[in-house]
Amino acid sequence: MVKGRVVEQATGDGIYDLTVQAVGGQAQTSTNEKGEFSLSLSPGSQSLEFVSEFYEKRTITISVPENGSLTITTPIALKLSGTQAEVTAETVIIREPDQRGAAAQLQTRHEAATVSDAISSEDIKKSADSSASQVASRVVGATVVGDRFVYVRGLGERYSSTLLHGLPLPSPEPEQHAVPFDIFPAELLSSLSVIKTATPDLPADFAGGSVEIALQDFPTQRIAHVGAAIGVNAQTAFQPMLTHPGGRTDWLGFDDGTRGMPAGKLSGAALGNAFKNAWSPYRQSSGNPNYSLSASFGDRAEVAGKKVGYLLALHYSSDAQTRAEEIQVLNLVDTAQGPKLSPLVQFGSDENAFASGRGRYSVRSTEGINWGALGTAAIQLSPLHRISLGALFSQSADRETRIYQGYSQEQFAELWNSRLRFVSRSLGLIQLRGTHHFDGAQRGASDLDWNASYSAAARQEPDNREVTYLKKDDGLFHFTPKGQSGQRFFANNLEHQVAARIDFSQHFQQWSGLGSVFKAGVAGRVRLRDFSARRFKFGFGGIGDIDDTAAPEQIFSAENLGSAVDVRENTNTADKYSAKQGVYAAYVRFDLPLHSKVTLSGGLRFEAAQQRLYSFDPQQADQPIAVALDTYDPLPSLNLVVKLSPKMNLRAAASMTVARPEFRELAPFQFTDFFGGELVQGNPQLQRTRIGSADLRWEWFLGGADVVAVSVYGKYFDAPIETTISAGGNLIRSFANARAAYNVGGELEARKELVIAERGLRGVSVGGNVSVLYSQVDLEGVLGQQTSKHRALQGQSPFVVNLFAELDRPAWGTQLRLLYNVFGERIDQVGAFGLPDKFEQPRHQLDVTLSQKLGKGLSLRLSARNLINSPVQIIQRGMLPSTSGGTDTQVQETTLRYTTGQTVSLSLSYDL
């Protein structure tokens with residue numbers, strides 16, 4: 001076995017994906033991200049050839065000893081094949097950069113005009129992450145809220161955008177702007193990057209960061225992969241678990257009609273009998289293990305003299321989780337000593353109650369499905385022209401079964417509540433891209449890039465069922481039709497989107513003879529959304545003289561429907577709406593070297609946006625309502641890069657971006673937040689938010705995947721959209737433009753292999769990133785009863801820490817990685833009417849992965865996630881004023897607490 005390392009002569013950086021082959025033989029391999037290679041050769045004199053389209057070919061002669069083992073201790077240095085000015089049309093080859101390795105990602109970041117951070121597919125494989133949301137939590141300054149939405153630099157999902165190869169994605173969530181990242185299996189990602197400063201050719205509806213997902217593209221050589229994994233969650237697998245009957249296609253993340261709505265216009269007993277009479281959860285003795293399957297195949301071929309590449313990939317995973325929850329809903333009451341927090345409702349579990357099946361317990365079990373399919377194909381029409389076609393489908397679903405038991409102060413009684421819920425999310429996309437290079441002899445080279453996509457996102461929640469029983473003086477639990485009890489709820493959200501862009505870039509030499517680029521382009525995006533919800537109430541107005549202590553299937557049996565139990569549809573006319581949005585942009589950008597070491601990139605983007613929402617007034621059922629918001633925004637941006645040395649950059653950036661209200665936030669009537677149960681009233685007077693940002697970053701690329709970077713930034717929000725709380729029959733959540741807000745922070749990132757001057761622990765790396773953030777919102781003058789007039793942005797953590805240690809020894813085929821993550825306390829929910837804000841507490845997470853190559857393409861991987869099992873905990877904390885003139889009282893109560901459990905998995909894979 002011959003081992004060595006290939007580096008770039010000018011910088012000493014390892015060269016990734018370079019071909020190493022024996023002259024006159026069949027032995028061939030490629031270098032890894034550090035430039036290392038291993039090649040099996042027979043003893044004797046051998047000639048090795050090092051080949052790459054970007055470096056001068058080099059051949060060396062070595063003597064392989066009889067035992068067949070040789071390590072070339074001196075790095076083999078290669079020179080670039082020519083300077084930029086020397087590259088001709090014959091030597092320019094368009095190809096997708098291979099972004100799999102951390103070193104490749106750093107090289108892209110090194111050359112980028114913007115402040116950005118990324119996670120490579122190699123790092124994704126080394127982690128225990130199973131979805132894009134878990135991957136995103138490793139990015140500098142990023143946190144994940146609710147395991148689904150990415151908050152960049154502490155800014156909420158309103159201030160993030162999601163792009164796929166440069167074009168925005170739609171969201172399946174009816175009340176959310178951001179795309180939930182848990183719908184993307186990590187196996188399908190090539191890289192995930194966060195662009196933190198704007199450029200004119202990027203969509204401008206972000207402030208924290210624009211998250212760009214790159215899916216796996218066709219490879220440079222044949223690949224084939226199959227893999228399977230099995231895992232267990234310590235508090236779920238082989239432990240008792242709640243579940244309920246589903247359909248035959250639940251395993252695919254779709255409902256097969258088992259939860260379907262009745263057809264036609266029915267009422268009374270006919271309506272009730274049209275539903276499947278299934279309301280009750282049941283407790284199974286053993287929870288399900290987790291498992292996943294994956295496969296991919298890709299290759300290159302020559303068709304009619306043209307190079308063609310393709311890739312097909314599939315991934316499927318199933319996981320289960322059971323968690324015991326402690327919940328308190330608190331109210332503010334006046335006492336002689338002043339106001340104090342008092343529980344309205346308390347849910348909890350007696351010790352060992354769920355395990356034994358006896359006693360009071362509050363438990364939620366979720367069975368999750370996540371699968372995706374990816375297909376890409378590309379044809380290189382010539383060395384300068386290429387067209388790519390990609391298609392993606394992602395499907396996820398959660399089947400949730402929940403039982404809450406506790407005491408209700410409002411009802412002065414013990415209560416028992418159950419909910420059966422199935423939610424599926426789908427995202428389908430097809431994207432066509434073209435890249436064309438023209439070598440102009442007189443005016444310089446030019447490029448034409450275009451991209452068009454159609455996508456559809458859907459969210460379905462069929463037949464959400466809930467029942468509540470109250471304990472009365474006879475010691476028995478009796479069904480109550482109050483609130484959501486006895487309701488069957490259906491919701492469907494579908495969004496179509498067409499997006500396209502075309503860019504023309506002209507290369508030229510400016511006054512110093514340095515290469516410059518001028519880019520002009522146009523882009524457009526049209527979203528069409530339809531939302532509908534329907535509600536059916538069993539026991540509308542109460543129930544008759546029947547045994548209300550029986551199971552719901554008996555209470556709602558056929559003989560009781562239409563007589564003792566009335567069934568009605570109580571859908572509101574405002575439970576249905578359609579909406580559309582068009583964003584149209586034109587932009588110019590220049591990349592202008594002011595000096596051989598100073599480059600200025602900037603320009604102007606102009607966006608025109610039109611939003612429309614159509615629904616009906618719930619107070620006047622036949623009265624249609626139309627809401628319109630049109631905005632026109634010039635948005636300048638500048639990025640300055642100073643190359644302090646070949647490996648060191650100083651970056652400065654300034655930009656203007658926007659955040660637009662979501663459709664339902666503009667609706668001028670009250671409606672129910674279907675997934676939160678609150679009354680919500682939109683505000684047609686909302687205006688878009690304008691955000692000014694400034695960034696400064698120093699970064700030092702030490703070679704390979706090693707880097708040190710320090711960043712500081714500041715953002716000012718003009719008229720940010722914030723939640724307000726008003727009084728009514730119930731609390732009413734609405735939205736208003738606050739006067740202003742600001743957000744400042746700093747980031748430190750470091751990654752270093754423990755090697756200096758070719759000495760040290762080769763393959764051992766340590767690193768991490770730390771973010772410190774601070775924000776403040778000014779709500780003075782904003783209508784509403786929110787308790788805090790000055791507070792941090794909702795969802796913003798004051799700090800985020802990611803640390804890792806890694807052992808990567810290709811000669812052994814071994815990889816070991818430890819990952820640690822923690823975020824600081826953040827506002828989970830804004831308090832109102834004197835109630836303090838609710839804060840999510842820091843949660844520590846430690847993950848370990850160990851991979852071992854077994855030979856003949858087989859690899860074994862052991863991963864352990866969430867080893868600390870730090871609880872998810874929400875506390876309500878603040879100062880309550882004294883009414884007797886004394887000192888204010890500090891109060892703190894836990895409103896939610898649960899653990900998710902440790903997960904251990906073992907996978908086996910085969911790679912060609």
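These legends go with close-up views of a predicted model.

In this predicted model, local features need pLDDT of at least 70 and side-chain atom pairs count only at pLDDT 80 or more, while totals for chains, interfaces and linings use all residues. Residues are numbered from 1 along each chain as its sequence is written, and side-chain values use heavy atoms, with hydrogens and water left out.

**View 1. The largest nonpolar core has 18 residues.** A nonpolar core is a set of buried Ala, Val, Leu, Ile, Met, Phe, Trp, Tyr and Cys residues joined through side-chain atoms within 4.5 Å; buried means under 20% relative accessible area (1.4 Å probe, protein chains only). Look for F37, L48 and F50, which have the most contacts inside this core. Strands that each supply at least two of its residues include β1 (2-8), β4 (36-39) and β5 (44-52). Strands here are DSSP runs of E with at least two residues, helices are runs of H or I with at least four, and both are numbered from the N terminus. β6 gives the most to this core, with four residues.

**View 2. F37 and F50 form an edge-to-face aromatic pair.** Rings of Phe, Tyr and Trp (its six-membered ring) pair if their centres lie within 6.5 Å, and planes over 60 degrees apart count as edge-to-face. Here it's 5.9 Å centre to centre, with 70° between the planes. F37 sits in strand β4 and F50 in strand β5, so the pair ties together parts that are 13 residues apart in sequence. F37 is buried, at 3% relative accessible area, and F50 is buried too, at 0%.

**View 3. The largest cavity holds about 160 Å³ of space.** On a 1 Å grid over the protein atoms alone, a cavity is a set of points where a 1.4 Å probe fits but cannot get out, and lining residues have an atom within 4 Å of a point. Grid points are joined across faces, edges and corners, and a volume is the space filled by probe spheres set on the points. Of the 18 lining residues, P168, P203, A523, R525 and R605 are the closest to the centre of this cavity. β31 (576-595) gives the most to the lining, with four residues.

**View 4. The second largest pocket has a volume of about 460 Å³.** A pocket is an open set of points with protein on both sides within 12 Å along at least five of seven lines. Among the 21 residues lining this pocket, R323, A324, S349, F354 and V363 are the closest to its centre.

Technical notes: Buried means under 20% relative accessible area, exposed over 50%, partly exposed in between (1.4 Å probe, protein chains only). Rings of Phe, Tyr and Trp (its six-membered ring) pair if their centres lie within 6.5 Å; planes under 30 degrees apart count as stacked, over 60 as edge-to-face and the rest as tilted.
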